[in-house]
Amino acid sequence: MNAFDILDGEIIRFLSRDGILFPTPIQERAIPQLLKTEDNFLLLAPTGSGKTEAAVLPLLNRLYEMQAESELFGFYVLYVTPLRALNRDVFKRIQGLCEHLGLSVQVRHGDTTQYQRRKQAILPPNLLITTPETLQAILPGKRLRYHLKSVFAVVVDEIHELADSKRGTQLSLGLDRLERLVGKRIQRIGLSATVGNPDDVGSLLSGPDRPVRKIWAGYDARQMQLDVVMPQPTDDDIVMARRLHYPPHSTARLRYIVDQISNHNSTIVFTNTRSFAEVLGSKMRGLDPSFDFDVHHGSLSKDVRLAAEDRLKEGKSKAIVATSSLELGIDIGQADLVIQYSSPREVRRALQRSGRAGHGVGRKAKGLFIATANLDDITESAVIVRRALSNKVEAAAIPERSWDVLCHQIAGMLLDEDRLSFDEIHSRIRVAYPFRNVTREELERVLDFMIDRKLVKKEKDSIERWGKTRIFYYERLSTIPDVQQVSAIDITSRTGIGVLDEDYVSENIEAGSLFVIRGRPYRVVSIEEDEVLCAPAGESDSDAPRWIGEMIPVPFEVATEVAEVWKRTGQMEKNRVVPWLTQQYRLSKEAQEHVIEAVAGSRQCLGKLSSKNRIVIEDFGNGLVLHAPYGTKTNEALGIVIAALLTTRRGVDVAVERDPYRILFSSSERIDPQHVLDVFSEYSPPQVSAVLRLAMKNTQTFSSRFVHVARRMDVIRRDAKLREVPVRLLITIYEDTPVFEEAMREVIADKMDEQHTMEVFDRVSKGEIELHIATTERPSPLARLILEERTRFEVMGEITEEDEVLRMMEERLLSTKFRLLCVNRHWNSVRTISTLEEEVSCPICESKMILAMHPSQKNVEKILAKVSKGEKLSQTERKEYRRAMLTASLISEYGKTALIVLAGRGIGPDTASRVLRPGRLARRDLLQEIAKAEKMYARTRQFWD
Amino acid sequence: MTDSHSIIRVAFQRVAPHASNIQRLREITEVIAGNSEAPEEIVARLRSIMVHEDITVRTDIRILINEIRHIVAGNKST
């Protein structure tokens, strides 16, 4: 006897026909309980373990019984998922059984045609699969509202994905509105594989005062093989790297990926950014592999994504290079391997992605994490693998008291019921977990704001809907930030190939530009108002478009464990470290060696390594690096607070950069590490919180968030172009309103970890965190990770790749030959830059005035001779002399660095003197500037050559 | 007023906000309410009227039937 046996015979017959005879662990446990009671449930089981069926089978069983008693008319079960693609997938999974039972099931979301919508209004399906936003749309609908009255259960799939954002906050109030419409309790069932805080998520689903029964199953039986590898370049890779114009380490990883794909039936390669998915796709095509593959991400058109999914499912392609677009429960069939390129940065993400392999009951999830040759990336991947294998998932950060969502839902309530008293609104919103603590005063402020904006009106003791209520509600159904996008159209077929962010188009694209999308290069033909027309191009050396909002923060828990691994690696004997890193952290031999070596070097340099209980302040002369392994969000806040306080104390601007493990402070003047100690000792946690808010107010991040919130709260028109909005003025005007409060709350909650930041200050003041100052002559290996990766979190995201590109460029520059000529004509020699000392001087007279020119250029010496004799120079000679003397002046001031800059393509002494500025001598900055100058030359050379 | 008469009137009031053809639905309700019949007969008559109506009116009638059933089911259970 198993859980299926208590289902109706027709359901059992259908399942048997499909060969499904035994329930999965979650089905075995959930089905009997769901059949027995109408309590709320949270079903927690690994990806691919049949959660959908565990929830749907008992509900269909109930519907089938109801149908036997009387004819069904209306929606009875709502199945809510965060993604349209997931809707389609769930539909395919349950459509057969529904048909077999004579029950109707349909999908309704943003892509549903008007015809389909009308049909659903006339003949509603018994089970409706939809998104939270579409549920919001149909709640006040005239006809559909009636159909919703028969709902008895709502399933919320991938609930952690909604819980983490305002979509979940909105859904929690939406479910309560639905329940009021129905007039009785609705059974709520949440499904998830990866929830770190099931109690909170359960409360979000059900309300703070209603119990949710949690059913965990299948985690013990789950089979996962996760490993971290770091492919090293072979001789063949180095040859291939030249052919592909790709760094050797990247080529080694690319080759490794191609080999793995060839050795498996079907593979999903996950990258952290859409941009890099495109780069990887493009480079893979350059290798001309023997298999077909596709690129899949959220900015590609729906048709392209669906075709890619189907091709993998049908075995027509062997691989798919994807971003989080394929992370959630979409069953892409036979994938037997998942490759994660670079650290996935969160355990939840690692589990979701690895679960895509062997997605299906009884299959083993096989995941390979390819780390780049970077200590952070290797250790972070290893820690995430260990935590994933022990199911230590991050807690979902449920946004609370979101005033924009509250405004929208109050408008919705008034569409539902015309008018409500203040008390009624207050009691109704407090039923939803995110709003359980809203005070009467806070609600009054929000309502006053709405009344002022004419979104609702006050009549005696009641709040009533008004003319703008409906349009405000329907125009703001989605809480997802409204980044304006432009379609990219292939003019050869007039089909959409993807969407580009408006800011990318305006800043980076013009007619004739090349960019990569869908892993293929396209040339821009023209840019229209709402679309970019492009044509396929043959070249492959082009940029991938960038998209905003791609940063994935590393959580506090992961970052502190990474530091713990470094600490223990540094303390343990090698014969004990190796088995520990192998067994606990699944690191390959090459990756272990890299970690052991890098940790030893860092420890030697800094004396002590940072940990959860120790911050190391490294003073390397040109700046300070605060080694603080507290994760992206804590370090963001710590950096902002400390930089603001240092700036105030010193009266000189202090710039700040951060990554999950360290914070870099730089300034035009030396920063005394003692000042950082003073900041830690002088400020209490509440003061830190106040400073954070004051400092945030003036940042670009805040302005950007303010615009999104202001759009959602009717302060800015939804379609207003960003450049037309006087943002700073609006911030001042709305400073004391719920719009400002919400933007500040959102930006601090999303971008920062205020709690841990205050804790760090608190623990330092109590002596629980040691502050250790290390003075270094040059940045330690750990400091270099931030110095050389300043743009790690910028929009392109793939900094490691950019670093390698820069390193390659540096190799090229260093291998350049110059003819070097002493201004006194004592020395004339052709030399390769790499062979020179930092300071370049004449070996005979020691003059630092050394002229540099192309090796073939021999007449400068003659010109010098003429000058020394006082002979008259021709116009051309004068010009050459001036250029040569300018190179000498640069070399005397900057030495070998000047030659590196002069080696750049199209960089003459004038450009070099602009690139070489005293504040820009860090190698990475310099290389970036050279790359920019080379690009500029490439763009404009038609005017020069 | 008979029970059936009241059932159809209450049902009409409840579904009116959701009806697309309120005038036509009112006419149909008036006609049927005039002849006090048992709820099952009212439903049967509504079904026979549906056949000749436009698709959106048919849905309005379908909703009305549904509501009558709800009321009847509610009455039985109390």
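**View 1. Salt bridges across the predicted model.** A search through the whole structure, which is a predicted model, turns up 70 salt bridges over all chains. One of them pairs R210(A) with E179(A), whose closest N and O atoms sit 2.5 Å apart. This pair links distant parts of the chain, 31 residues apart: R210(A) is in the loop between α10 (198-206) and β7 (212-216), while E179(A) belongs to helix α9 (residues 166-182). E179(A) is buried, at 7% relative accessible area.

**View 2. R436(A) meets E400(A).** Here the side chains form a salt bridge at 3.4 Å, N to O. R436(A) lies in the loop between α18 (422-429) and α19, and E400(A) in the loop between α16 (375-389) and α17 (403-417), so the pair ties together parts 36 residues apart in sequence. R436(A) is partly exposed at 22% relative accessibility, and E400(A) is partly exposed at 25%.

**View 3. D714(A) pairs with R476(A).** Their closest N and O atoms are 3.3 Å apart, making a salt bridge. D714(A) sits in the loop between α28 (700-712) and α29 (727-733) and R476(A) in the loop between α20 (469-475) and β17 (485-490), so this bridge ties together parts 238 residues apart in sequence. D714(A) counts as buried at 14% relative accessibility, and R476(A) counts as buried at 7%.

**View 4. A salt-bridge network.** Several charged residues are linked up here, among them K166(A), D404(A), R705(A) and E742(A).

**View 5. A negative surface patch.** E441(A), E444(A), D448(A) and D452(A) make up this one. E444(A) is in helix α19 (residues 440-452) and is partly exposed, with a relative accessible area of 40%.

Notes. Residues numbered from 1 in each chain as written. Chains lettered and ligands numbered in written order. Predicted model: local features only at pLDDT ≥ 70, side-chain atom pairs only at ≥ 80, totals over all residues. Heavy atoms only, no water. Patch = residues over 30% accessible without salt bridge, like charges linked within 9 Å, V, L, I, M, F, W, Y side chains within 5 Å. Areas by Shrake-Rupley, 256 points an atom, 1.4 Å probe, with all protein chains shown as cover. Salt bridge = Lys/Arg side-chain N within 4 Å of Asp/Glu carboxyl O. Lys, Arg positive; Asp, Glu negative; His and termini not counted. Charge placed at Lys NZ, Arg CZ, Asp CG, Glu CD. Helix = DSSP H or I, 4+ residues; strand = E, 2+ residues; numbered from the N terminus. Buried < 20%, exposed > 50% of the residue type's maximum accessible area, 1.4 Å probe, protein only.
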